[in-house]
Amino acid sequence: MIKLIKFKESDIQRLISWIPDCKFLLQWAGPHYSYPLDEAQLLATLDKTQGDSPSHYMYKAKLGTTTIGHIELLSADYAAGKAVLGRVLIGDEEYRGKGFGLEMIQSAMKIAFAELGFTVLDLGVFKFNSGAIKLYEGLGFRPYRTIENMDDENWTLIRMNISVGDWEKTGAATRQTHLPMTLR
Ligand SMILES: CC(C)(COP(=O)(O)OP(=O)(O)OC[C@H]1O[C@@H](n2cnc3c(N)ncnc32)[C@H](O)[C@@H]1OP(=O)(O)O)[C@@H](O)C(=O)NCCC(=O)NCCS
């Protein structure tokens, strides 16, 4: 079972260790950060999580006592009811492809829609990242815009979103999302 816990300063070095090169940094986080990712850049993001209505929420994902992932809700626009789901990462390759990413995103969606009250979640994913796109589509996200050549790599970005109503239709709002792997 994956549990999302607030990301803290003491988690910064682990997250940095998961980013092997600049292309991966771009794939994971878009063009916001510059490589090498460092403490100062992450402290600046962590700063945005402070206060009563932060623009940012950062989480680490724990599997038992081991931290295996990272996820964020960013660009929170409380007036419009919108936020962006991003910086989605299962850190070590050995933990990928085992359903943990799915579970981590489901948990973040539940926080966004059921706890924080957002009505639309948006995300950006590069077109070549077909595994991630399949995952987001399976969770109910739908593409609504394609942006060509959006960065130094000339990668094509796909924007996807989901409304709280469509999320509820998937059953995720009521379903027990933390079923043991063997029961799925
Ligand atoms: C994207 C990421 C978070 C997915 O987490 P994960 O734990 O590997 O994914 P899951 O095991 O939960 O996969 C769930 C579903 O997503 C799809 N999926 C995930 N990775 C896939 C891949 N490489 N190829 C095809 N389908 C994939 C599958 O539909 C899978 O369902 P299945 O179990 O029926 O095959 C993870 O692979 C990762 O950290 N990638 C590097 C960082 C990154 O690209 N982040 C996304 C930025 S937008």
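Helices (H or I, at least four residues) and strands (E, at least two) are taken here as DSSP runs, numbered from the N terminus. The structure is a predicted model, in which local features require pLDDT of at least 70 and side-chain atom pairs count only at pLDDT 80 or more, whereas totals for chains, interfaces and linings use all residues. Residues are numbered from 1 along each chain as its sequence is written.

In this scheme, Pro36 is found in the loop between H2 and helix H3 (39-47). The peptide bond that joins Tyr35 to Pro36 is cis, with omega at about 0 degrees.

The strand pairing was examined next, two strands being taken to pair if DSSP finds at least two bridges between them. Strands E2 (57-63) and E3 (66-77) are antiparallel and are paired over seven bridges, with Met58 standing opposite Glu72 of E3. The two strands form a hairpin with two residues between them, and Gly64 in the turn has a positive phi of about 60 degrees. E3 also pairs with E4 in the antiparallel sense, over six bridges, and His70 has Leu89 of E4 as its bridge partner. Here the hairpin has four residues between the strands, and Gly81, in the turn, adopts a positive phi of about 75 degrees.

A further set of pairings involves E7. Strands E5 (120-126) and E7 (157-163) pair in the antiparallel sense over seven bridges, and Phe126 has Leu157 in E7 as its bridge partner. Strand E6 (residues 142-147) runs antiparallel to E7 and is joined to that strand by five bridges, Arg145 being partnered by Arg159 of E7. Within E5 lies Gly124, which counts as partly exposed because it has 15 C-beta neighbours inside 10 Å; on this scale, with C-beta atoms placed from the backbone, a residue is buried if 20 or more other C-beta atoms lie within 10 Å of its own, exposed if 12 or fewer, and partly exposed in between. Contacts are assigned where the C-beta atoms of two residues, placed from the backbone, lie within 7 Å. Leaving aside neighbours within four places in sequence, Gly124 is in contact with Gly30, Leu157 and Arg159. Gly124 and Val84 are 40 residues apart in sequence, and their C-alpha atoms are 8.4 Å apart in space.

Helix H4 (100-115) contains 16 residues, which at 1.5 Å a residue should span 22 Å, and the distance of 21 Å between its end C-alpha atoms agrees with this value; the expected span is 1.5 Å times one less than the number of residues. The buried residues of H4 are Gly101, Glu103, Met104, Ile105, Ala108, Met109, Ala112 and Phe113. After the helix comes Gly117, whose phi is positive, near 80 degrees.

In soluble globular proteins, nonpolar side chains tend to be buried together. A nonpolar core is defined as a set of buried Ala, Val, Leu, Ile, Met, Phe, Trp, Tyr and Cys residues joined through C-beta atoms within 7 Å. The largest such core has 33 residues, of which Tyr59, Ile71, Ala108 and Ala112 touch the most other members. Two or more residues of this core are given by each of strand E1 (2-6), H2, E2, E3, E4, H4, E5 and E7. With neighbours within four places in sequence set aside, Tyr59 is in contact with Leu4, Ile5, Lys6, Phe7, Ile71, Glu72 and Ala108.

Around the ligand there are 19 residues, and Arg96, Gly101, Leu102, Gly131 and Leu135 come nearest; a residue is near a molecule or strand if its C-beta atom, placed from the backbone, lies within 6 Å of it. Two or more residues of this shell are given by each of helix H2 (22-29), strand E4 (82-90), H4 and helix H5 (130-138). The largest share, five residues, comes from H5. By residue class, the shell divides into nine nonpolar, seven polar and three charged residues, where Ala, Val, Leu, Ile, Met, Phe, Trp, Tyr, Cys and Pro count as nonpolar, Asp, Glu, Lys and Arg as charged, and the others, Gly among them, as polar.

Positive phi values also occur at residues other than glycine. Ser75, in strand E3, has a positive phi of about 50 degrees and is partly exposed, with 14 other C-beta atoms within 10 Å. Asn154, in the loop between E6 and E7, has a positive phi near 60 degrees and counts as exposed, with 8 C-beta neighbours inside 10 Å.
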